[in-house]
Amino acid sequence: MKKVLSLLAIVAIVMASNCTRVPENNDPVIGIWYTIDVKSINETSKETIRQEWIFNDAYLGRYHRYSGSQLAFKTDFGWKENDGLYTISYPGTDMAVQKAILKDSPEGMQLNDEDGNILGH
């Protein structure tokens, strides 16, 4: 009798674990998107600003901003997609919510803001 109950318990555990699968997210925005800007500080020196968004499949991500080779700022963000429009929010910061879309270009896919400015490649 103990063997039958043990077998039933194992079957119940296996069946319950199969019912709790997370749906697979294959959104094309998943990955690393970045942009690099070079700004003149004065006539002889320039500053490189790199912004980087890392999107994951759990609708979360990490934002980094580098000044030269130094990490200047980092924060987590949440994202959602609705009819091709991505909404990126940065809870706990004073950063504004961003709206973005994916566009195909001759150089490859680009992440653009609502005004058409490139957020990342």
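**Reading the sheet and one of its residues**

User: Let's start with H64. Which strand is H64 found in?

Analyst: This is a predicted model, and in it H64 is found in strand β3, residues 60-67.

User: Is H64 buried or exposed?

Analyst: Go by the relative accessible area: buried means under 20%. H64 comes out at 11%, so it counts as buried.

User: And which residues is H64 in contact with, leaving aside neighbours within four places in sequence?

Analyst: On one side of the numbering you've got R50, Q51, E52 and I54, and on the other L71, F73 and K74.

User: Zooming out, how do I read a sheet in general?

Analyst: Strands of a sheet pair through backbone hydrogen bonds, and they do so either parallel or antiparallel. Here, eight strands make an open sheet, ordered β1-β2-β3-β4-β5-β6-β7-β8, with antiparallel pairing. At the edges sit β1 (31-40) and β8 (118-120), each pairing on one side only. From one strand to the next, the twist averages 35°.

User: How many bridges do β7 and β8 pair over?

Analyst: Two bridges, in the antiparallel sense, with β7 covering residues 108-113. If you want a spot to look at, L111 stands opposite G120 in β8.

User: What share of the residues count as buried?

Analyst: Of the chain's 121 residues, 24% do.

How values were computed: Residues numbered from 1 in each chain as written. Predicted model: local features only at pLDDT ≥ 70, side-chain atom pairs only at ≥ 80, totals over all residues. Heavy atoms only, no water. Pairing = 2+ DSSP bridges. Helix = DSSP H or I, 4+ residues; strand = E, 2+ residues; numbered from the N terminus. Axes fitted to C-alpha atoms, helices over the stretch in contact; angles between N-to-C directions. Buried < 20%, exposed > 50% of the residue type's maximum accessible area, 1.4 Å probe, protein only. Contact = heavy atoms within 4.5 Å.
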